Amino acid sequence: MTTTSAAPGATTRADGPAADPVRRLRRPRRTTLAALAFVVPLGLYLLLFYAFPLVQNVVMSLHRYDRNTFVNGGAPFVGFDIYGELLGQDKFWRIVRQTAIFTVVSIAFQYAIGLALAVFFRRSFRLSAVLRGLFLLPWLLPVIVSGTSWQWMMNPDNGVINSFLGLFGVDPVWWLSTANALMSVTIANIWLGIPFNLVILYSGLQGIPTDLYEAASLDGAGGWQQFRRITLPLLRPVSAVVLLLGLVYTLKVVDIIWIMSMGTGTSQTLATWAYSMAFGKGASQVIRYSEASAVGSILLVIALIGGLVYTAVQRRQED
């Protein structure tokens, strides 16, 4: 048996299959480059438009800014003093209570009415698609149009709502007065949020097999029993998403409230309060950037708590 050996000084080339894994480790794959091409722009966008404003908001709440220091810099560091000042105000807790009422009532009615409409439209009938499209109009209209329309309808002198109530002998209601402003803006916000709940919940209902309802009807279950035993349990994941998004959207509502009542009286929420402190209603009003940033940070914490609750509920459902 004879063996052959390489000549002294000759180099051995590893062109076989053993060298392929090494080359693959050294050279990035095309799929990796493609993934980076998609991820990098998204990461830059999140850092620029989400992370940076969030960090800047927290930093501003820890410094005492005014017009001069906001432009020229040099705002003194005060730590959590501004948060302590806010929490010590009776006005803060009154606005928190108004925000809670506005948020809870809006979400409850939006979800209940949206779910009722979704169940109604689940049964196909003539003109159902047209009616669903009409229910989407509040969602598609610009908020300034919706707010102006509601402001006109609630006008105490010539509004259509008071004109309708006058047919039944009801005295005119001052809808946008200091005492009734919260109720008025809540009604308008409920109207704006119903289409979103309708669309999401209707899509969730489409994922429930019809065989379950047929089997339940054969077993003698009525409509209410089918809704309670089949629809609600299987719709929990979608409902959790709808409620979480409703919480986030409602907490930061400014436009519809500002258009209708300028955030005055009982309609003032944490979001409108922060907006008025940061931008003011006139040149004579004192601008309080730090207080507005602190209120914004509190709203972020509330939204974060809602997200954590949603995560806990999802894990519990998976288990």
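Colleague: Why is V130 called partly exposed?

Modeller: V130 has a relative accessible area of 48%. Buried means under 20%, exposed means over 50%, and partly exposed is what lies in between, with a 1.4 Å probe and protein chains only. So 48% makes V130 partly exposed. You will find V130 in helix 6.

Colleague: Before we go on, what kind of model is this?

Modeller: This is a predicted model, in which local features need pLDDT of at least 70 and side-chain atom pairs count only at pLDDT 80 or more, while totals for chains, interfaces and linings use all residues. Residues are numbered from 1 along each chain as its sequence is written, and side-chain values use heavy atoms, with hydrogens and water left out.

Colleague: How many helices and strands does the protein chain have?

Modeller: The protein chain has 16 helices and 0 strands. Helices here are DSSP runs of H or I with at least four residues, strands are runs of E with at least two, and both are numbered from the N terminus. Of the 319 residues in the chain, 34% count as buried.

Colleague: Which label does M262 get?

Modeller: M262 has 38% relative accessibility, so M262 counts as partly exposed. M262 has a positive phi too, of about 60 degrees, and is not a glycine either. The place of M262 is the loop between helix 14 (255-261) and helix 15.

Colleague: How do you know that R64 forms a salt bridge with E85?

Modeller: Their closest N and O atoms are 3.0 Å apart. A salt bridge is a side-chain nitrogen of Lys or Arg within 4 Å of a carboxyl oxygen of Asp or Glu, so this pair qualifies. R64 lies in the loop between helix 2 (30-61) and helix 3 (67-72), and E85 lies in helix 4, 21 residues apart. R64 counts as partly exposed, at 30%, and so does E85, at 37%. A search of the whole structure finds 1 salt bridge.

Colleague: What surrounds E291, and where is the nearest opposite charge?

Modeller: E291 is buried and has no salt bridge; R64, the nearest side chain of opposite charge, is 4.0 Å away. Charge here means Lys and Arg as positive and Asp and Glu as negative, with His and the chain ends not counted. Leaving out residues up to four places away in sequence, E291 touches R64, I82, L86 and M277, where contact means heavy atoms within 4.5 Å. E291 belongs to helix 16 (residues 289-318).

Colleague: What makes the largest nonpolar core?

Modeller: A nonpolar core is a set of buried Ala, Val, Leu, Ile, Met, Phe, Trp, Tyr and Cys residues joined through side-chain atoms within 4.5 Å. The largest one has 21 residues, and L86, F92, L270, W273 and V295 touch the most other members. Helix 4 (81-87), helix 5 (90-122), helix 15 (270-279) and helix 16 each give two or more residues to this core. Helix 15 gives the most, with 6 residues. A second, separate core has 18 residues, including L115 and F227.

Colleague: Why is A278 called buried?

Modeller: A278 has 17% relative accessibility, which is under 20%, so A278 counts as buried. A278 lies in helix 15. A278 and Y289 are 11 residues apart in sequence and 5.0 Å apart in space, C-alpha to C-alpha.
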